[in-house]
Amino acid sequence: MSLAGVATAAYGTTHVRDGGGSDASPGRSPASPVPTTPAVDRLKPARARIEAYVDRYDGHLAVAALDRQSTAAVTAGATRFETASIVKVNILAALLLRQTPPGKALSSATRQLAEAMIVSSDNDAAVALWQKIDGSSGLTAANRTLGLRETKANKHWGTTMTTAADQIRLLMALTSSKGPLTPQDRTFVMGLMKKVIPEQRWGVTAAREPGNPSVYVKNGWDTVDIDSGRWLVNSIGRIVEARHDWLIAVLSDHHVSQKAGIDVVEKAAKFVLKEMRAATAGDGPS
């Protein structure tokens with residue numbers, strides 16, 4: 001997928017610098033593509049370096065990032081990866097889309113399941129909510145509304161297949177005022193991603209600037225039987241800075257250990273945002 005392809009995945013540029021993006025009323029259908037901008041065009045050299053970095057992993061790494069403040073975006077690697085637990089964010093979005101009327105508060109019990117599923121990556125909670133959304137068929141239906149194009153739900157939630165670009169589309173749907181979720185729902189999801197327990201706050205969070213607390217994350221990790229038990233390690237999230245509002249996804253597999261996978265993911269996230277910040281250094285506040 002091209003650089004422009006990730007940019008056009010956006011629901012729209014906002015100027016929210018923190019929180020859940022609760023600045024307008026929601027729609028219920030995917031928004032129109034966002035045109036590319038001069039800021040995106042200036043990323044060409046950085047994109048080439050990022051693509052070269054990802055190519056070294058021979059299809060076992062994919063990255064995508066987008067700045068909601070400028071729509072500057074990049075993607076490298078079109079491989080579909082198993083989601084493992086990053087799909088739990090997608091499950092929660094699907095659950096919220098089923099609320100009637102839109103924005104209706106979840107029951108106390110369901111809210112507790114949602115919190116456990118995201119904050120501590122509780123698998124039993126994920127199974128319960130997977131059943132509430134009618135499993136793979138419910139996720140597929142929700143993803144049409146969320147604007148995802150390359151995610152294939154499977155019978156077991158953790159083996160859902162996705163791309164880095166589609167994870168950016170999901171994050172856009174969860175943060176944009178032009179997306180299908182209500183302001184309250186967007187704030188709820190981002191709030192849970194900000195509260196992820198310390199031992200699971202690795203991954204794309206490594207790319208934040210020192211001292212920045214405005215970080216939202218969900219990680220996924222598992223062994224893959226058909227890859228001789230090697231590890232897949234994924235990380236998606238959001239990093240809000242003074243002049244940027246980054247959405248970032250790093251997907252990877254074929255690692256000898258979880259630790260090795262985390263190291264690859266964190267180094268990739270740091271490299272991508274280092275290149276993106278340098279490429280957009282001349283951009284003033286929107």
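Arg169 and Glu150 pair up through their side chains in a salt bridge, at 3.6 Å from N to O. This is a predicted model, so treat the distances here as computed ones. The Arg169–Glu150 pair ties together distant parts of the chain: Arg169 sits in helix α8 (residues 164-175), while Glu150 is in the loop between α7 (135-146) and β4 (161-162), 19 residues apart.

**Around Arg169**
- Arg169 has a relative accessible area of 1%, so it counts as buried.
- Asp166 also forms a salt bridge with Arg169, and here the closest N and O atoms are 2.7 Å apart.
- Both Asp166 and Arg169 belong to helix α8, 3 residues apart, or about one turn of the helix.

**Other salt bridges**
- The count comes to 10 salt bridges.
- Lys195 bridges to Glu115, with 2.9 Å between the closest N and O atoms.
- That pair spans 80 residues, with Lys195 in the loop between α9 and β5 (215-224) and Glu115 in helix α5.
- Lys195 is partly exposed at 45% relative accessibility, and Glu115 is partly exposed too, at 31%.

**Helix packing: α5 on α9**
- Helix α5 (residues 108-119) packs with helix α9 (residues 183-194) at about 45 degrees, their axes 8 Å apart, so the two are oblique to each other.
- Their crossing is right-handed.
- On the α5 side the contact uses Arg111, Ala114, Glu115, Ile118 and Val119, and on the α9 side Phe188, Leu192 and Met193.
- By type, those contact residues split into 6 nonpolar, 2 charged and no polar.

How values were computed. Residues numbered from 1 in each chain as written. Predicted model: local features only at pLDDT ≥ 70, side-chain atom pairs only at ≥ 80, totals over all residues. Heavy atoms only, no water. Axes fitted to C-alpha atoms, helices over the stretch in contact; angles between N-to-C directions. Helix = DSSP H or I, 4+ residues; strand = E, 2+ residues; numbered from the N terminus. Parallel < 35°, antiparallel > 145°, perpendicular 65-115°, else oblique. Left-handed = near helix turned anticlockwise from the far one by under 90°. Contact = heavy atoms within 4.5 Å. Nonpolar A, V, L, I, M, F, W, Y, C, P; charged D, E, K, R; others polar. Salt bridge = Lys/Arg side-chain N within 4 Å of Asp/Glu carboxyl O. Buried < 20%, exposed > 50% of the residue type's maximum accessible area, 1.4 Å probe, protein only.
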